[in-house]
Amino acid sequence: MSLKRFRNLIVFSLALVLMASCGGNQNGSKGPLGAGDAAQKVYVAPGEYDEFYAFLSGGFSGQLSVYGLPSGRLFKVIPVFSVDAEKAWGFNEETKPMLETSYGFVPWDDSHHPELSQTNGIPDGRWIFINANNTPRIARIDLTTFETVEIIELPNSAGNHSSPFTTENTDYVVAGTRFSVPVPQKDMAISEYAGNYKGILSFVEIADDGRMDIAFQILMPGYNYDLAHSGKGVSDGWTFFTSYNTEESNTLLEVEASKHDKDFIAAVNWKLAEQFIAEGNYEEMNSPYLRNFYDEGTQMASTEKFEKVKVLKPEDCPGLVYFLPTPKSPHGVDVDPTGEYIVGNGKLSAELTVHSFTKMKAAIENEDFDDEKYGIPVLNFDATLAGVVKSTGLGPLHTEFDDKGNAYTSFFISSEVIKWKVGTWEVLDRVPSYYSIGHLMVPGGDSKSPWGKYMLALNKITKDRYLPTGPEVNQSAQLFDISGDKMQLILDFPTVGEPHYAQAIPADIIMNNSKQLYKLEENHHPHAVMSEEDTKVIREGNVVRIYLTTIRSHFAPDNIEGIKVGDEVYFHVTNLEQDYDVPHGFAVMGARNSELLIMPGQTETLLWKPQYEGVIPFYCTDFCSALHQEMQGYIRVSPKGSSPELKWSVGTYE
Ligand code: RUQ
Ligand code: CUA
């Protein structure tokens, strides 16, 4: 596309966005539904439960939020890649290792795509995975505790965007690089990008207990790998990655990477990759990376370092990768519930290109190739084409599926969702979204067996939808009822951060396994104490360890003396409660740290370095009982160089 044409497209797009922004509110608040009907559909009476859990990525907040559908009630924000003072994530000694990388401690990331684990292609509610886009990582969250339990770093990757989409039995979650870079990294002129920079696709193996391991990586041409989805049913064994910038440009990509009429969907045969690995047909590359794991038994996270990865090169592995030409810089790639259709969402077009898996296999068989790129065969476009959805929307990004053979595609530029029929490609319905929709989500909508019923639009721009809150209004989600022929907007709620992708699952799959407390007798934390009698204060040089317990409504000990300026004080706090939903908090005046929030039966550790002599209060931050405000204590801090006696007590008077 010429620069001028491209500019025209942008101007046109902006005009559309502005049109939507001006007129939208009036249209949006009146729908085909009366407000009363819509209210009834989303009303979950006080004390009743929602039908679905929904997990929305936090985008640049780095976290994952949990909502109920259809109510849109926010239940929890799970800290993943960003420190969270509320939950001491990345602040207490137990979780600090979770944010370690080969660059050191990284307190933030940009998380886009949550993906539930699956069994036989159906979300099973064991874990949810999410990617870190900036410093490439994948996290695994345990859905019995709703806590992040593992984070693995992805070496050789740069911008882990096409991630972490799972295979149908959670054999792997995949991770393609957005940015191509020198692999392995080295000092190199940026002008030498074309032909020399490479893109890495990673396959992270998931063990039965959930543990993650990099099984292998594939060294691809220097394109941008944008999104992915794995095959299912007939296409199980394959994973599809979209790419753009097949122009291999390293500057002004908005123009330079929009020149080719078609980019590629890379079809990777990962079952065959396993064979190449077994045969030893790979290169071992020096690529240091870390893996962090939170052990529920010891309640501590630890970090392991690895040095090498197995890298497959397509030119040495015939049949491993094929390119499917796909028009207009495809963004999302989505596979229908049968696994037969692979939908390319060409973000600069008005049409969707749908490839057929069966036709792709035949084209491979017949060697119906048009070209070859860096040893990778490019399949003939017409040979794999199943159909085209002529939507007249603009800027398709993502597609999800329902349980009735329909598909739903988000269109960013024209700010709408289009419903179409899989197989006939006819457009059935369209609704505006307010405004500039990115992802959309149907419960189970990227699985073999969608639950359907609702579609959630995840919007980038909110503008006049809510009361103004300064220059930025939070991103929004809009819930549509898709049980009938027409999509009906029934709820509009703000989100935490920028939700990219989301997942949803029927509540009963998760709620029955939800952990209510940590059993004290299973607490193997190295610094746990099981009763008030065992509490103590120990000094080793300038390191002081204070072993505390909490129970409604006091700390033991609550009077501590013998601490000095310059000491390194570790508070190891064990919550002795054995009741559901009774955490205690712990905060110390002047601590350059967060609070602790300790679940029943858990032990957490706060590091404090007293700076001044005096008497320092500490208290419980979580309103735990009628006498919560009485839950407090004092620590006496003596001068540096003095020799005060260590003393601790609760309920005694000298
Ligand atoms: S990407 S819209 Cu990560 Cu589509 Cu967000
Ligand atoms: Cu314990 Cu408030």
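**View 1. His-398 and its partner across the strand pair.** In this predicted model, His-398 has Ser-410 in E27 as its bridge partner. The strands involved, E26 and E27 (residues 406-411), are antiparallel and share 5 bridges.

**View 2. What surrounds ligand 1.** His-398 turns up again here, in the shell around ligand 1. Sorted by class, that makes 8 polar residues, 1 charged residue and no nonpolar ones.

**View 3. The largest nonpolar core.** This core has 30 residues, and the ones touching the most other members are Phe-203, Phe-216, Ile-218, Met-220, Leu-312 and Leu-320. Several elements each give two or more residues to it, including strand E12 (199-206), strand E13 (212-220) and helix H5 (270-278). H5 supplies the largest share, 5 residues. Elsewhere there is a second, separate core of 26 residues, with Val-565, Phe-571, Trp-608 and Met-631 among them.

**View 4. Phe-203 and its contacts.** Skipping neighbours within four places in sequence, Phe-203 is in contact with a set of residues that includes Tyr-172, Val-173, Val-174, Phe-216, Ile-218, Phe-241, Val-268 and Trp-270. Asp-213 and Thr-239 are also among its contacts.

View 5. Strand E35 (residues 536-540) runs antiparallel to strand E36 (residues 543-551), and 5 bridges join them. Look for Ile-538 opposite Arg-545 in E36. The hairpin has 2 residues between its strands, and Gly-541 takes a positive phi near 65 degrees. The peptide bond from Arg-552 to Ser-553 is cis, with omega near 0 degrees; Ser-553 sits in the loop between E36 and strand E37 (554-556).

**View 6. Another cis bond, from Tyr-434 to Tyr-435.** Omega is near -10 degrees for this peptide bond. Tyr-435 belongs to the loop between E29 and strand E30 (437-441).

**View 7. Two loop residues with positive phi.** Asn-156, in the loop between strand E9 (147-153) and strand E10 (160-162), has phi near 70 degrees without being a glycine. Its relative accessibility is 13%, so Asn-156 counts as buried. Gln-299, also not a glycine, has a phi of about 60 degrees and lies in the loop between strand E17 (283-295) and strand E18 (300-312). At 1% relative accessibility, Gln-299 is buried too.

Definitions and conventions. Residues are numbered from 1 along each chain as its sequence is written. Chains are lettered from A and ligands numbered from 1 in the order in which they are written. This is a predicted model: local features need pLDDT of at least 70, side-chain atom pairs count only at pLDDT 80 or more; totals for chains, interfaces and linings use all residues. Side-chain values use heavy atoms; hydrogens and water are left out. A residue is near a molecule or strand if one of its heavy atoms lies within 4 Å of it. Ala, Val, Leu, Ile, Met, Phe, Trp, Tyr, Cys and Pro count as nonpolar, Asp, Glu, Lys and Arg as charged, and the others, Gly among them, as polar. A nonpolar core is a set of buried Ala, Val, Leu, Ile, Met, Phe, Trp, Tyr and Cys residues joined through side-chain atoms within 4.5 Å. Buried means under 20% relative accessible area, exposed over 50%, partly exposed in between (1.4 Å probe, protein chains only). Helices (H or I, at least four residues) and strands (E, at least two) are DSSP runs, numbered from the N terminus. Contact means heavy atoms within 4.5 Å. Two strands pair if DSSP finds at least two bridges between them.
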